[in-house]
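These exercises are worked step by step. Try each task before reading its solution.

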Amino acid sequence: MTSSDQEDRLVARGGRIGGTVAVAGDKSISHRAVMFGALAEGVSHVEGFLAGEDCLATLAAFRAMGVRIEGPEDGRLVIHGVGMDGLRAPEAPLDMGNSGTSMRLLAGLLAAQPFAAELTGDASLCNRPMGRVAEPLGSMGARITALEEGGRPPLRVAPAEGLRGIRYDLPVASAQVKSAVLLAGLYAEGETCVTEPAPTRDHTERMLAAFGYPLRQEGATVCLEGGGRLRAADLTIPGDLSSAAFFLVAAALQPGSDLTLEGVGINPTRRGALDILLAMGAGIEVRNERTYGGEPVADLRVRGGELEGIEIPEHLVPLAIDEFPVLFVAAAAARGRTVLRGAAELRIKESDRIQVMADGLRALGIAAEPLEDGIVIDGGPIGGGTVDAHGDHRVAMAFAVASVAASAPITVTGAAAIRTSFPDFLAVARSAGLEIEADKD
Ligand code: S3P
């Protein structure tokens with residue numbers, strides 16, 4: 001099954017979780033493979049590209065800027081790089097759909113181009129703050145105007161008149177902002193350095209290195225010199241830990257389950273969800289470690305048992321930022337209380353993930369208390385019912401997983417956005433043993 005049968009409403013009935021499955025390619029890495037392949041000199045071959053709507057929006061944007069890209073066909077892309085100065089002005093606004101990564105990273109890249117461009121997106125994306133990229137890019141000399149109040153998209157990017165490198169201390173731990181500044185820095189005069197308050201995913205840095213661009217890392221600071229070149233590369237993209245997390249939790253919370261997820265990225269700047277689940281008592285083994293294109297990969301074997309509520313260490317928050325919806329489901333199924341603080345960023349993701357998850361968990365009979373910057377969840381019996389995912393892909397998949405521990409089926413509405421990050425979710429979920437169907441009524 002593919003996106004064609006993935007409707008806006010799903011019914012999940014639990015099931016026996018087990019077997020061996022592979023999840024789709026990593027979303028963050030897929031975006032970057034298209035971007036750096038397009039800017040490189042020569043032809044890059046990519047395997048394991050995620051053909052979800054978010055990454056397809058990035059791909060379409062580069063096609064609209066004159067880059068020839070073959071595929072995706074079975075996760076394979078052939079990207080005919082145009083070099084650092086080869087992009088052409090797009091004829092129409094670039095539509096980034098639901099994808100924050102596409103919009104923020106492209107803002108950095110477009111800021112440095114000799115042509116004007118406009119970036120737009122769907123209602124959720126147009127409600128997300130872009131001042132966090134426009135501000136540092138502005139201090140490099142970029143001319144970016146947010147067309148809606150509060151620094152919100154669409155963004156109009158005027159032709160660059162020569163950017164200057166900066167030293168930038170990130171006010172929030174955001175890989176998207178770090179990456180936007182580094183992308184602009186590739187074109188800036190002099191050195192650009194970004195310092196992060198806590199480690200965030202470093203896929204941009206690893207992929208720049210894979211494409212032959214020199215970088216300097218000193219503790220929490222990464223620096224690069226503008227004016228260099230990227231050389232084409234052949235890459236295999238790891239499975240997305242953020243997609244794997246749904247099945248890690250489904251298996252971890254079901255006593256007796258035994259599930260292996262093959263070829264999953266376990267980059268240390270992304271593996272917070274693994275560490276949180278291990279701290280909750282999950283039986284997860286990391287096996288067969290290897291490297292794809294500079295990214296660590298492993299097979300993950302999960303054996304289900306009882307989970308315990310924990311206080312989630314704050315330093316793990318940026319390392320697990322996309323996995324909290326399903327970690328909240330793990331907390332609901334665990335014994336005792338789970339407390340999360342220091343996670344205000346969750347309120348400005350594809351939805352307000354603190355409020356939307358608290359509402360959904362309550363609808364299933366779980367005591368969930370939203371905090372300004374987190375949530376308190378008391379584990380207990382999960383009932384059936386209907387929950388609204390508010391068009392947020394990860395919320396929808398998280399509630400489908402909750403059915404594994406629930407006493408009755410769970411209907412999820414507002415689920416169509418699953419195609420943005422995991423178009424094969426239904427098929428993979430079924431092969432892992434979840435009884436789930438699109439509800440066409
Ligand atoms: C991403 C970074 C994260 C994450 C998003 C993908 C990336 O956002 O939530 O899904 O690819 O750089 P922030 O950097 O804004 O936290």
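Is Phe 425 buried or exposed? Phe 425 has a relative accessibility of 0%, so it counts as buried. Here buried means under 20% relative accessible area, exposed over 50%, and partly exposed in between, with a 1.4 Å probe and protein chains only.

The model is predicted: local features need pLDDT of at least 70, side-chain atom pairs count only at pLDDT 80 or more, and totals for chains, interfaces and linings use all residues. Residues are numbered from 1 along each chain as its sequence is written, and side-chain values use heavy atoms, with hydrogens and water left out.

**Exercise 1. Describe the ring pairs around Phe 425.**

Step 1. A pair of aromatic rings is described by the distance of the centres and the angle of the planes. Rings of Phe, Tyr and Trp (its six-membered ring) pair if their centres lie within 6.5 Å; planes under 30 degrees apart count as stacked, over 60 as edge-to-face and the rest as tilted.

Step 2. The whole structure holds six aromatic pairs. In one of them, Phe 246 and Phe 425, the centres are 6.3 Å apart and the planes stand at 75°, so this pair is edge-to-face.

Step 3. Phe 246 belongs to helix H7 (residues 241-252) and Phe 425 to helix H13 (residues 425-431), so the pair links parts of the chain 179 residues apart. Helices (H or I, at least four residues) and strands (E, at least two) are DSSP runs, numbered from the N terminus.

Step 4. Phe 422 and Phe 425 also pair edge-to-face, because their ring centres are 5.5 Å apart and their planes are at 70°.

Step 5. Phe 246, at 2% relative accessibility, counts as buried, and Phe 422, at 0%, does too. Ring pairs join Phe 246, Phe 247, Phe 422 and Phe 425 into a cluster.

**Exercise 2. State how the protein divides into domains.**

Step 1. The domain assignment gives domain 1 (3-25 + 238-438) and domain 2 (27-236). These bounds come from an automatic or database domain assignment.

Step 2. Taken over C-alpha atoms, the centres of the two domains are 28 Å apart.

Step 3. Contact means heavy atoms within 4.5 Å. On that basis, 27 residues of domain 1 are in contact with 27 residues of domain 2.

**Exercise 3. Locate the largest pocket and describe its lining.**

Step 1. The search uses a 1 Å grid over the protein atoms alone: a cavity is a set of points where a 1.4 Å probe fits but cannot get out, and a pocket is an open set with protein on both sides within 12 Å along at least five of seven lines; lining residues have an atom within 4 Å of a point. Grid points are joined across faces, edges and corners, and a volume is the space filled by probe spheres set on the points.

Step 2. The largest pocket has a volume of about 590 Å³. Its lining has 35 residues, and Ala 173, Ser 174, Ile 321, Glu 345 and Lys 349 lie nearest the centre. The elements giving two or more residues to this lining are H1, helix H3 (100-110) and H5.

Step 3. The lining divides into 11 nonpolar, nine polar and 15 charged residues. Ala, Val, Leu, Ile, Met, Phe, Trp, Tyr, Cys and Pro count as nonpolar, Asp, Glu, Lys and Arg as charged, and the others, Gly among them, as polar.

Step 4. Domain 1 and domain 2 both give residues to the lining, so the largest pocket lies between them.
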